[in-house]
Amino acid sequence: MTETPGRDPDILTTAELATKLGLSPQTVRRMANAGQIPALKTGKDFRYSWEAVRQVLRQPHHQPGEAADDPTHQPQPAQTPKKGAGYRAQRQARTGARD
């Protein structure tokens with residue numbers, strides 16, 4: 001990746017973020033549209049803060065309909081998360097692992 005003078009190296013295009021996460025640009029756009037990763041809409045595309053995306057992907061994964069901060073919630077036995085694109089991106093952000 002070549003840096004443009006005056007450009008913040010923390011701010012990535014969809015293609016750059018997709019490369020870092022090992023995902024397709026289409027998957028990254030879908031995650032941004034779904035609100036799974038923080039993104040700033042710039043015309044037809046997005047821009048992403050690498051640090052903000054990493055922080056979000058490092059958060060524990062919550063099942064749909066489950067309250068994230070419910071103090072009365074009893075943890076369920078460990079289940080193997082579904083291995084979709086979001087799971088891979090989260091694991092890669094946490095561990096730096098590549099498939």
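1. Leu 12 stands opposite Tyr 48 in β3. Helices and strands are named here as DSSP runs, numbered from the N terminus (helices: H or I, at least four residues; strands: E, at least two). The model is predicted, so that local features need pLDDT of at least 70 and side-chain atom pairs count only at pLDDT 80 or more, while totals for chains, interfaces and linings use all residues. Residues are numbered from 1 along each chain as its sequence is written, and side-chain values use heavy atoms, without hydrogens and water.

2. The chain holds four helices and three strands, which follow one another along the sequence in the pattern β-α-α-β-β-α-α.

3. Strands of a sheet pair through backbone hydrogen bonds, in a parallel or an antiparallel way. Here three strands form an open sheet in the order β1-β3-β2, with antiparallel pairing; two strands pair if DSSP finds at least two bridges between them. The edge strands, β1 (11-13) and β2 (40-42), each pair on one side only. From one strand to the next the twist averages 35 degrees. Three bridges join β1 to β3 (residues 45-49) in the antiparallel sense.

4. Helix α3 (residues 50-57) packs on the sheet and touches β1 and β3; contact means heavy atoms within 4.5 Å. The direction of α3 makes about 75 degrees with that of β3. Axes are lines fitted to C-alpha atoms, for helices over the stretch in contact, and angles run from 0 to 180 degrees between N-to-C directions.

5. In helix α2 (residues 25-33), Thr 27, Val 28, Met 31 and Ala 32 are buried. They lie on the same side of α2, because they cover an arc of only 140 degrees around the axis; the arc is that of the directions from the helix axis to the C-beta atoms. Arg 30 and Asn 33, on the other side of α2, are exposed. Buried means under 20% relative accessible area, exposed over 50%, and partly exposed in between (1.4 Å probe, protein chains only).

6. One aromatic pair is counted. The rings of Phe 46 and Tyr 48 have centres 6.1 Å apart and planes at 40 degrees, so the pair is tilted. Rings of Phe, Tyr and Trp (its six-membered ring) pair if their centres lie within 6.5 Å; planes under 30 degrees apart count as stacked, over 60 as edge-to-face and the rest as tilted. Both Phe 46 and Tyr 48 are buried.
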